[in-house]
Amino acid sequence: MASPLEEILARLLEPDNEVIQKATADLKEAFKNPGTLQALCQILATSSQPQIRQYAAVLIRRKIHKTKQWAALDEAFKNNIRGSIIQLLVQEQDKSARSAIAQIIAVMARHDTPSNTWPALFEFIVNFVRDEDPAKRETGMFVLSTVTSLAAEQMKPHMVSLLDLLACALNETVNREVSYLAIKSMTDLVFYIGDDEMKHVQNVVPKVLEVVQVLTTVDEDKACVALEFFDELLESEVAIIVPHLKPLVQYCLQIASNKDYTDPLRVKAMSFVASLVRLKKKTVLKHHLIDPILNVLIPIICDDDEEDDEDDEEVEAHKPSQYAVQVIDTMALHLPAEKFLNKLSPMVDRCLKSPEAPHRRAAYLVLAVVVEGCGDFIMTKMLSGMLQTVCTGLNDTSHIVRNSALFAVGQFSEHLQPDISQYASELLPLLFLYLNKSMEEVEKNPKGLVKSHYALEMFCENLGDGILPYLPDLMGYLLNILKNCPLAKPKELAISAIGGAANAAKEKMQPYFKDVIELFKTYLDGLSEDEEMKKLQLAAIDTMAVFARSIGEETFRPLAKECLELGVNLITNSNDPDLRRYVYSLFSSIATLIKGDMADYLERIVGFILTSMKSTEGVKAHYKTESENVTVFDEDEFNDDENLETDDGDEENYKLEGISVENAYLDEKEDACCSLGEIALNCSHAFMPYLQKSYEEALELADYPASGIKKAAFVTLCHFCLCVNEVHEATKAAEAAEALKTMILGVMPKYLEAIKTELDRATVMAAVDSIQEMLAKIGEPVLSITGATDAILTVVKEIFTHKVACQDQEEDDGEDEAEAEFDGMLIESAGDVLPVIARIIGGANFVGFFTHFVEDLLKRLKETSSTAEKSFAVGTLAEVIEACGEPLGSAFTGILYPVFTRMAKDEDDEVRSNSVFALGILTVNAGTLMIGQYNEILKTFFDVMNTEGNPRVLDNICAAVCRMIMHSPQNVPLAQVLPVVMQLLPLKEDLEENVTIFTCFMKLYSHTAPELVQYIPKMFDVAAEYAGKGGAPEKSSACSNGCKGPRPCCPSGIEETQKNLILFVKNVKEHYPAEFDQIRSGLDPEVAAFLDTCLATVIPS
């Protein structure tokens, strides 16, 4: 048998595809013969051709890789393999064949080690590793490193002895390959070590560092691999490495700063520093490492005089200068903003003053990337100065500096909202100037064109009505580009900028819509193979999705079905993942507009989206031993034991090191998932036939390794629950109730587990926010699961106390308690859960729970706390008191009253605003406890008012006083207080507090009181002005207790305001009829007509 099989393998070496295909077919047939394995062993032992020996070894390993495959073999045969395979490896001279034989040994070790069936293997390894012959030491360590790469978990019973053996191997000085392989083995084992083995690893960390230092001088590729030992420790056993972090960081910085080393080694060293900042920021602060790190990174960035695509998130940073920018971004995201920026700012200033253009460019790149992580601090303390600095950069003599300054403007516009919008009058003229300049210089400075449009688009899309004075000039420029420019790139950028303008101007874009659609038809009509045309098409589809959400139903609805047909036709005939995800986004945008009218298209659309969610396109497997890969046949085809199921933890792809997925396919999967959730949420009843399958696929993606996809799955699962809940509330159908219960039972454990174990902070926030949204919109059914209330509040407490995996859990020493802003965002998300749970279970039931959170919130109200911390803590306390009412308010009055009074005088506007709101809420939710303090509280409010210039604070003072009037009018001196309230009306910013104002006056005017007559004209004017604004606040407004948009604490606030406004007018007419008629006769016709409308309106009981 051996000879014919060897002949088949030999034919696989022929340079003829037909011969190879025939040999492959013959090999598959031969594989059916039960004697094939023995024949392959014979070939491995006797063939004179190295590549045939390698093929034989690969196929042997394939036939024994499963536990049941190995167990099914005759014991004598297995002993024969055990007795010969090591000798075959020792005598093998060919590297690839030797590696393939080592893989066989590793697979056998994985099978035999748990039962200690092959003690000779470990005797061989120990004897060879300790042999006097350097070559034998290398052979022994080569076998051990191969075994640990495939069977590290099975080595756990031998862990201590192996670690001792490896520690000795690190002392190798004659053959450096031995110490290198020892580090590789230790890297494989680190994940599986327990408490008993930790000291054995900790003791060798300095020695490993020494070996890495030697490797950097002789083999930088191996030094990169060896550095992974420290990465693995940082990820899985960080306690081992903490005592050695300072010298390790110093060494990595030394490598990074040395231009004599290769780029991959320098980037690898910086990646360890980035991981350290991400996972152990408190250690970075404790050891004062910010300065040393920045002192290395800034010069690396300055050293590069070539422009990179720093604004392109798809570009992977391979150059040290690119990666150094990413490390600074990581520092901004994970370190306390004030501490970090105080160290960074002087270095940036020096670069800005440098005569060297690359240094100035570096300064603007750094300013651009820090704003995402430090936005709150910058807006509070540094915004004006930083903007002046960036505007100076826009006039720099060097185009690379100007381009980086434009990139900074774009980043500022994206991450410093809403504060940066107030500088529109200064920035937009500059950006318009550079738009024209960039078109003139497009051939000389193509990146300037991209950067100027990016900056403009980012600034405009968040500007809201502030864009209107500039809209005619902007749209004139952009439409001219689309009509007359011969170049594709400016057109692509112009289309995208139109989307940004539409996002801001909304319905005010209607005058330009017809022209835009006509120009878009060229790009939307059919598929093109031209790459430039493809990009134009994607940009047009993306902007159409923006129009669907922004320009108004009346304008876009006539095009909705045409766009759906267009989208379906495009993705039916295309394999482009980018096109598919842009079309999915268009579908979900249209769903927000036409909702259930999308029913006729759902079967096709959902089918496409589910296919993308399930797709494995773009997936590539990576194996640990590249030399083993045999490309002439697919070894997966040669498994003749398909009926043998994997068991005992066997992994089908046991030699698989990892998988990678092309970014385009990851983006497609993420956007597909998000779009499906939004379609379900908006289509409601119409989506029900597709819900079960969609839910199952999203639940699968909740375990996907890519954090972006996992996050999308969490949000989508929440949307599915909301969809079913809406159907249940409308129909009261038992099937919907049961489906909702089943789905909640499926998703809630996923959320809670992710919060505890996920390392990605954004993913954890998505889980927390999903729980909060479900609690706010579904309510009690979410908590009906046994133990749900305790489980949710437990993870909230763990977030508050930095006990979840994505937080740095190192104990505070009291010196560095400041948090990174993104850490604070997670805690704020957790805080949002408290009031909604309180509202569901009731104040009396929540008091006991809340006791555990008060201290956590109060410690964020120290003088040294950041503005964001103080604002969050006060706002959360107020929301919880409002949700719980008297049971909680009265229980904590003694603690909270002096705190809120003190915080009402804070230097920050937002903190004062939230504190005034909180004090008002506490006053009316403390039973009778606060009645005696009314005069003191009013004095506090009026003292603040006398020095206050912030409109939102004044609005909250007005609302707080009105709450006091409603709660206990007999204890408020109305004659003195009402003139002050009138002085503060109408509200300027916090328009949602109008519900409080009109409720108060509705009640006041429900009884006849002559002293109130004098205020009727003013109140009519206020009511008419509010109605003239649409009876609702702007979408960008936020309530005084921190809720964004329509706040969960008052979901029907707008309707309630309108109702009470109408009742107020009716009460005045009823109780003061003569005065009403007299006042009405002297009003403007519009106000009088408004009063008539109120009187004619019937309010349902």
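This report walks through annotated spans, helix packing, a salt bridge and some backbone details in a predicted model.

## Annotated spans

Let's start with what the records say. The unreviewed UniProt entry annotates residues 23-91 as "domain: Importin N-terminal". In the model, that stretch is 81% helix and 0% strand, and 29 Å separate its end C-alpha atoms.

Helix α36 (residues 734-757) packs on helix α39 (residues 788-800) at an angle of about 20°, and their axes are 10 Å apart. Angles under 35 degrees count as roughly parallel, so α36 is roughly parallel to α39. From α36, the contact draws on Met 748, Leu 752, Ile 755 and Lys 756, while α39 supplies Ala 791, Ile 792, Val 795, Glu 798 and Ile 799. Sorted by class, this contact of α36 with α39 has seven nonpolar, no polar and two charged residues. The crossing of α36 and α39 is left-handed.

For the next pair, helix α37 (residues 761-777) and helix α40 (residues 821-841), the axes come within 9 Å and cross at roughly 15°. That angle makes α37 roughly parallel to α40, and the crossing of α37 and α40 is left-handed. Residues of α37 in the contact include Arg 761, Val 764, Asp 769 and Leu 775, and among those they meet in α40 are Phe 822, Asp 823, Ser 829 and Ile 840. By class, the contact of α37 with α40 has 13 nonpolar, two polar and four charged residues.

## A roughly antiparallel pair

Helix α45 (residues 934-947) and helix α46 (residues 951-967) meet at an angle of about 160°, with axes 10 Å apart. The two helices, α45 and α46, are therefore roughly antiparallel to each other. The crossing of α45 and α46 is left-handed.

The contact of α45 with α46 divides into 13 nonpolar, one polar and no charged residues.

## Salt bridges

The structure holds 45 salt bridges. One of them joins the side chains of Arg 137 and Glu 172, at 2.6 Å from N to O. Arg 137 sits in helix α9 (residues 134-151) and Glu 172 in the loop between α10 (159-169) and α11 (176-189), so the pair ties together parts that are 35 residues apart in sequence.

## Backbone details

Most residues other than glycine have a negative phi, and most peptide bonds are trans. A few places are worth a look with that in mind. A cis peptide bond joins Gln 417 and Pro 418, with omega at about 0°; Pro 418 lies in the loop between α23 (399-415) and α24 (424-440). Another cis peptide bond links Leu 985 and Pro 986, where omega is about -5°. Pro 986 belongs to the loop between α47 (974-984) and α48 (994-1004).

Lys 595 has a positive phi, near 50°. This lysine, Lys 595, is found in the loop between α31 (577-594) and α32 (599-614).

Note on methods
Residues numbered from 1 in each chain as written. Predicted model: local features only at pLDDT ≥ 70, side-chain atom pairs only at ≥ 80, totals over all residues. Heavy atoms only, no water. UniProt positions renumbered as here; feature names shortened; annotations may be inferred. Helix = DSSP H or I, 4+ residues; strand = E, 2+ residues; numbered from the N terminus. Axes fitted to C-alpha atoms, helices over the stretch in contact; angles between N-to-C directions. Parallel < 35°, antiparallel > 145°, perpendicular 65-115°, else oblique. Left-handed = near helix turned anticlockwise from the far one by under 90°. Contact = heavy atoms within 4.5 Å. Nonpolar A, V, L, I, M, F, W, Y, C, P; charged D, E, K, R; others polar. Salt bridge = Lys/Arg side-chain N within 4 Å of Asp/Glu carboxyl O.
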